[in-house]
Amino acid sequence: MMRNKTGAILIALQMAVTLAIMVNAISIIQERKTAMERPTGIDEPNIFFVSSNSFAPDFNEEVTIREDLAAIRSMPGVVNAIQSNSVPLLGGGWSMGLQTEPGAEIEGTGVAVYFVDEHALDTYDLELVAGENFSESDVGWRERSDTSWPDRTILTKAMAEAMFPDDWRSALGATVYINDDEPVTVIGIVDRMQAAWNGWSGVERTMLVPQHTLFGSTRYIIRTEPGMRDQLMPQVEEMLANSNKDRIVRNMQTMDETRERSYRGDSSMIKMLTFTVILLLLITSLGIVGLASFSVSRRTKQIGTRRALGASKGAIAQYFMLENLLISAAGVVIGAAMAIGLNMALVEAFDVDPGSLIILVPAAMLVLVVIGQLAVLGPARRAAKVPPAVATRTI
Amino acid sequence: MFRYYLKLGWLSIRSNPLLSLLMVAAIAVGIGASMTTITVNYTMSNNPIPQKSDQLFYVQLDNWDPNSDPEDGFEPPDQVTYTDAMALMNAGKAFRQVASNRSGLVLEPENPDERPFMVDTRNTWADFFPMFETPFLYGGGWDDNADKNLEQVVVLSREINEQVFGGEDSVGKSVRLNGMDFRVVGVLDEWLPMPKFYDVTNNPFDVPEEIFIPFNVAVEYELPRNGNTNCWKPSDGDGFEAFKASECVWIQFWAELRNESEKQEYMQFLNAYVEEQKTLGRFPRPLNNRLDDVMEWMEHEEIVEEDARVMMGLSLLFLVVCLLNTIGLLLAKFMRKTGDISVRRALGARKSDLFTQHMIEAGMIGLGGGVLGVGLTLLGLKGIEVLFGEFVENLVGMDWVMVMTAIGLAILSALLAGLYPTWQTVRIMPASQLKTQ
């Protein structure tokens, strides 16, 4: 081996860089997978939504919303429906800050706002873990440029925990402040509901506000009985489009589609990185095969001599396997250092999660050594087949 | 001599097709992977208006919350308020200036059988068109009087003109938007600034809006807004008038300043304006106004996606692996030819001749890898388009610069990879290999 140092160094280096890329790619894949697995807290498989945009100048939005909701809720197969400004994972929504003490100088806790009515818990299938739901009389109407807020709200548990770190239950019945000094009473707490932005660090900090919105464009969120969703979607769209010609019904989407769109970047990254890792391992193992074959053919005479001097076929194969093992070992050790270095650089330069390198690095080292051994298997076998008689030729 | 070496190289490549193919493939895969990500990054950091990007300045005024976390470094907000936008427009201190925001309206076709549909619109000012040098197919932009007199005029994109008017010259015709009639004054030709620099607060790789109407008209009739609105304190009272007077930012403001002295004058004007507003109780933070030109602003907004940069880094490392691979394979190949080389050396070839000969061979492998790599890059870009969908539609085109870069990078890589093996080869003593024959 020492006679062909360069070949060995090249393989070791190649394995090292491969390991560094592999570990960090897998670390990113794991990070994205974890993010994608977070539940929204709502009954995703049975929910779809559709938006309605009014355009006629004399459009009566309040009446339309009342009629639409009554009509949708009465359709067979529909469990419940609400009108709201956004849905989890949609990407666009409304955010505010809430604080436990009034005053402009206090930095509030950021929270996602959904304007809903008393049917929201049923429509989203949210679990009320404390307090009570809104009643019909709580629900008011909000114009686009209104700035005042109703005096009751339901928070998610995550939001309650963020505001009352000692005991989230103490949020129930508490008065919190919106817009610096407008008091709002927390009447209920739901287990979980995500905000519209999956990349936000406070993604589970959400508040429900009992208001219908009169913003000109709106969304109806509809939950169906299991298995009824796809059948009901065209029916709802047709019913809405025909009931009122002064608006456009569009962007009908299932929550499954919303999830897919929302995490499209992440799932694409996962696919690209997986592909990269596979390709990389392929290239590296081909490189090992190539260089090992070369080394075998260069040493044909030497092998012949050893065979002539009594070395068994197994011993020859073992020699090449061992040689590769040594090179791989050196490679993966350098690679482990490079992987950690690269990870630190990535964490430094981007907001990449450091990931659990403690398991990942040794696992990747093992995988690479095994792949190295597999790659060298072919050339080693060929080496073992070199007949002892070769030693007698040409010299 | 060069042609002779080309021939020798070709013979050498053909003499061991499998090994050569492996090398070409290794380089091609490395080039394909890195050029795919480089192309995406290149398009993302493209200069969308190179002829005057250093004369267009994005205006930021720091009217933000004095109580926000000082660790954020008191960055000014990325848009301006209605109050400030109107004050700067009315002052007209720059050569050209534009306040604009994004919106969506409902277009009702004249034919009652056709369904109304949503269009992306931009509320803007007369200077928008000359300032950003938008190409016109028919007509042109509107003039300052249209802005002042709240004229209901409209500029259509080429696509929407095709959709509504079948592509004919529609200047003078009428378009019904949200129940109001607008007169067409111009139709844009194909216009695709990439990134969409004039508004990066929404998807910066989106296509331009389909319809442009005067900002003042949109405000007067309280037409809907679609873009981002950020507020740090509630407005005083309800209603649109209160919103207009609020500290909410929702407007992008650009100024065209033709040289450094104009820029400095404008900055002085901005500072004087903010100082004046401070006396009225606004702008509670320390003076912190910004004027970024197009590329500075793109940089500041970090519009190149983080994922794209991570992938580019990893794919360049990938190329390194492919090159290490190629070095090993070239070494193996050249070492096999030691016999030939000794003979040539013995027959009088100089080291430099052999060096050139083998570098040419490496270059040929690089060329092959580059050409194949361009193919793989196109495939990779197609793959990205399939994966990411419409969001990246405008990012995955390869121009000639990128094709040449790919081939150049491949040849350069192969030459680099060939350097060490060649060096090893030419060191062979003429006699050493002849002995064993």
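**Figure 1. The domains of chain A.** Domain bounds are taken from an automatic or database domain assignment. In chain A, this assignment gives domain 1 (2–37 + 264–392) and domain 2 (91–212). The centres of these two domains of chain A, taken over C-alpha atoms, are 54 Å apart. The model shown here and in every view below is predicted.

**Figure 2. The domains of chain B.** Chain B is assigned domain 1 (2–45 + 305–435) and domain 2 (56–300). Their C-alpha centres are separated by 49 Å. The two domains of chain B do touch: 7 residues of domain 1 and 6 residues of domain 2 take part in the contact. On the domain 1 side, 4 of the touching residues are nonpolar, 3 are polar and none is charged. How confident is the predictor in chain B? Its mean pLDDT is 87, and 96% of its residues reach 70 or more.

**Figure 3. Where chain A meets chain B.** The contact between the chains uses 46 residues of chain A and 42 residues of chain B. Three elements of chain A give two or more residues each to its side: α1 (5–36), β12 (247–254) and α7 (264–298). Which element gives the largest share? It is α7(A), with 16 residues. By type, the chain A side holds 22 nonpolar, 18 polar and 6 charged residues. For the complex, the predictor reports an ipTM of 0.81 and a pTM of 0.82.

**Figure 4. Helix α1(A) against helix α11(B).** Helix α11 of chain B spans residues 306–336. Its axis and that of α1(A) come within 9 Å and cross at roughly 160°. The two helices are therefore roughly antiparallel. The crossing of α1(A) past α11(B) is left-handed. From α1(A), the contact residues include L10(A), I11(A), L13(A), Q14(A) and V17(A). From α11(B), they include L314(B), L317(B), F318(B) and V321(B). In this contact, 15 residues are nonpolar, 7 are polar and none is charged.

**Figure 5. Helix α7(A) against helix α11(B).** Again two helices are paired. The axes of α7(A) and α11(B) come within 9 Å and cross at roughly 10°. Are these helices roughly parallel or roughly antiparallel? The angle makes α7(A) roughly parallel to α11(B). Among the contact residues of α7(A) are M269(A), M272(A), L280(A), I283(A) and F294(A). Among those of α11(B) are D307(B), M311(B), L314(B), F318(B) and V321(B). The contact divides into 13 nonpolar residues, 7 polar residues and 1 charged residue.

**Figure 6. A cis peptide bond in chain B.** Most peptide bonds are trans. What form does the bond from M194(B) to P195(B) take? This bond is cis, and its omega is near -5°. P195(B) sits in a loop of chain B, between β8 (180–188) and β9 (211–214).

**Figure 7. A positive phi in chain A.** Most residues other than glycine have a negative phi. N251(A) is not a glycine, but its phi is positive, near 55°. Where does N251(A) lie? This residue belongs to strand β12 of chain A. Strand β12 of chain A is also one of the elements that give two or more residues to the side touching chain B.

Definitions and conventions. Residues numbered from 1 in each chain as written. Chains lettered and ligands numbered in written order. Predicted model: local features only at pLDDT ≥ 70, side-chain atom pairs only at ≥ 80, totals over all residues. Nonpolar A, V, L, I, M, F, W, Y, C, P; charged D, E, K, R; others polar. Helix = DSSP H or I, 4+ residues; strand = E, 2+ residues; numbered from the N terminus. pLDDT = per-residue confidence, 0-100. Axes fitted to C-alpha atoms, helices over the stretch in contact; angles between N-to-C directions. Parallel < 35°, antiparallel > 145°, perpendicular 65-115°, else oblique. Left-handed = near helix turned anticlockwise from the far one by under 90°.
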